[in-house]
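Here is a friendly walk through a two-chain protein model, written to be read with the structure open beside you. Where do the chains meet, and what holds the attention inside each one?

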Amino acid sequence: MRNVALALAAAIVLWLGVAMLAPAWLTSGDPLATQTSAVLLPPSAEHWFGTDQSGRDVYTRVVYGARDSLLVGLRAVAIAMVCGGLIGTVAGVAPRWVDRIVSRLLEVTMAFPEFLLALLVIAVLGKGANSVALGVTVAIIPAYVRLARVTARQLRFSGAVDAATILGVSYPRAVWRHVAPQVAAGLLGLGIVGFGSAIVTAAGLSFLGLGISPPAPEWGVMMSEGKNQLARAWWITFFPGLALAATVVAVSTLARPLQRRLATGNAHD
Amino acid sequence: MTLSARTRTALRGAARFLGEAGLVLWAAVTLAFLVLKAVPGDPVDVMLGPLSSATPEARAMIRADLGLDKPLPTQYASHLGRMVTGDLGMSYQQQRPVSDILTEQLGATMALAAAAMVLAVVLACGAALVTRRGWLRGVADATELLAVSAPVFWTALVLASVFSYQLGWFPIVGGTAAQRVILPAIALALPVAGVLAQVLRHGMDQAESQPFAVTAMARGASHRRLTSHHLMRHGFASTLTLSGFLFGSLLGGAVIVETVFARPGIGRVALGAITNRDLPVVMGVVVFSGIGFLIINAVVDVLARAVDPRLRKAADA
């Protein structure tokens, strides 16, 4: 049962990878091609996910939409891991007063939910795909800083760093050898889980009309366009959302054993 | 005058809360100021919009009126002063005080959030109690993973599609207030319920293996009594650390759910303000978010004391 779930999740992730890199392998259609003779057709053998109000094939658009929908999350998580990891580690190993300031600031960020922070960035920069990408990144960074800081602080006082400095290793080098690797492992675990919520936030912002503009085949935009057809054609909104939900479920299913491995890896160090 | 130890602890707790409250509010107000200052371009141009034909002289006058010609520290000081007196400024779009606009919409969002919260707690308790063992547990794990993973806007649209359009049970337009709140509340509640159920069940599992659970059973407590008097209590205590997550889901979710179901509320006002770059309203939402977070934290603190006797002891000592 567990293995079936893992295999299914791996298959979904593989499919997504192909859709991002080589969408033409999965569909022969054009995501932007309109066809006035095939408007709002329900799912069928010819159009697996039906067609939308302009006669575009929804399956083709879901496949081509994977790139824009997922890249934004990958980029946000990568930047958050690097920036959040650096800030958090520095705070964790720095003198007490630096850590005080950073942890106070972190406490305060809890009062502003991720989605609101992303919205604020968009309010400043205006609508657009870049604002959404930056907004999502800024929104998730506090969580990464928090994790890096806690991990670094625990390791800093675990004795290894002190032992190394007594043996003549410089402090930065001791931190790099004994603190950084485990902070990175923890961040990787958070990043895998955080990827899911990052793509959902990004798609949510596009859905609200703040990101990429139509007719780009991005999942959030597709759902926003299909929203007005809900009474007549459920499939336009259903399938992009299903793709999004399936991505998150697949990634979290794969993340569980991975995280366990990362955790036990730490224990052996 | 000598204070009892108990009063002193209570006073210290109150002081800590006030300190935290002050810090959060200061941060909210400062964040709002930074947002306003970070916007590229001239604030008066943003305020008037691209279509305005105001002369440069008129623009200069507005600038002087708003104090925008003064140095930044002075502007920040007067911004702080206004916020302290509860003046959140005027909406660019509606030419009305921001605090009026937001308080008008607050009720609708609170009703939605409260309905969602009650629903989430009921669903989570039910799921955690019924599905602790056996094959049901596997089903619950999968369902909860789906509930947590599915984007709110997707569940909202699926619910609307099935129950409003296909079955016609809950009309999107018309209907009573109670009918109109049900679908949005379900959409908002599902991810919250998923997380709550997982944490609740985990907390109960942990409590069950502790010595006090064995003691209670040895004293002759039935399994039902053990669950209702001891395990549930522990499970709840572990859910109370989720206040930040809860607040974020409800506020962030409200923006989306209110848009999908065309409900009035803070979320919709926020979205409109961001789309039209009505910055005073955006700032107002930031300040309201800070206040909302503080209220939730205070409530959770009180609940934690009610649920976990060890915290009460610590306060009395």
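A salt bridge here is a side-chain nitrogen of Lys or Arg within 4 Å of a carboxyl oxygen of Asp or Glu. Please keep in mind that this is a predicted model.

**A salt bridge inside chain A**

With that cut-off in hand, look at A:E225 and A:R56, whose side chains meet in a salt bridge at 3.4 Å, N to O. A:E225 belongs to helix α9 (residues 219-226) of chain A, while A:R56 sits in the loop between α1 (2-21) and α2 (58-93) of chain A, so the pair ties together parts that are 169 residues apart in sequence. Over all chains, the structure holds twelve salt bridges.

Along the principal axes, the C-alpha atoms of chain A fill a box of roughly 80 × 45 × 25 Å. For chain B, the C-alpha box is roughly 85 × 70 × 30 Å.

In chain A, the peptide bond from A:P214 to A:P215 is cis, with omega near 10°, and A:P215 lies in the loop between α8 and α9 of chain A. In chain B, B:Q95 has a positive phi of about 55° although this residue is not a glycine. You will find B:Q95 in the loop between α4 and α5 (98-130) of chain B.

**Where chain B meets chain A**

How many residues of chain B are in contact with chain A? There are 43 of them, and they touch 38 residues of chain A. The area buried between chain B and chain A is about 3500 Å², with carbon and sulfur atoms giving 83%.

On the chain B side, the elements that give two or more residues are α1 (5-38), α6 (135-149), α7 (152-166), α11 (243-260), α12 (266-275) and α13 (279-307) of chain B. Of these, α11(B) gives the most, with nine residues. By residue type, the side of chain B that touches chain A divides into 31 nonpolar, eleven polar and one charged.

**Two domains within chain B**

The domain assignment of chain B gives domain 1 (15-84) and domain 2 (99-316). Their C-alpha centres lie 35 Å apart. The contact between them takes 16 residues from domain 1 of chain B and eleven residues from domain 2 of chain B.

Here is how the two interfaces look side by side.

| Interface | Buried area | Share from carbon and sulfur |
|---|---|---|
| Chain B and chain A | about 3500 Å² | 83% |
| Domain 1 of chain B and domain 2 of chain B | about 1100 Å² | 87% |

Across the interface of domain 1 of chain B and domain 2 of chain B, the rule finds zero salt bridges. The rule also finds zero residue pairs in polar contact there (both at pLDDT 80 or more). On the domain 1 side, α1 and α4 (72-84) of chain B each supply at least two residues. Which element gives the most to that side of domain 1 of chain B? The answer is α1(B), with eleven residues. The residues on this side divide into 14 nonpolar, one polar and one charged.

**An aromatic pair between the chains**

A pair of aromatic rings is described by the distance of the centres and the angle of the planes. The count comes to twelve aromatic pairs over all chains. Why does the pair of A:F207 and B:F153 count as stacked? The ring centres of A:F207 and B:F153 are 5.1 Å apart and their planes are at 20°, so the pair is stacked. This pair crosses between chains, running from A:F207 in helix α8 (residues 180-207) of chain A to B:F153 in helix α7 of chain B.

Technical notes:
Residues are numbered from 1 along each chain as its sequence is written. Chains are lettered from A and ligands numbered from 1 in the order in which they are written. Side-chain values use heavy atoms; hydrogens and water are left out. Contact means heavy atoms within 4.5 Å. Buried area is the accessible area (1.4 Å probe) that two parts lose on being put together, summed over both. Helices (H or I, at least four residues) and strands (E, at least two) are DSSP runs, numbered from the N terminus. Ala, Val, Leu, Ile, Met, Phe, Trp, Tyr, Cys and Pro count as nonpolar, Asp, Glu, Lys and Arg as charged, and the others, Gly among them, as polar. Domain bounds come from an automatic or database domain assignment. A polar contact is a pair of N or O atoms within 3.5 Å; within protein, one must be able to donate a hydrogen and the other to accept it, and residues adjacent in sequence count only if both atoms are side-chain atoms. Rings of Phe, Tyr and Trp (its six-membered ring) pair if their centres lie within 6.5 Å; planes under 30 degrees apart count as stacked, over 60 as edge-to-face and the rest as tilted.
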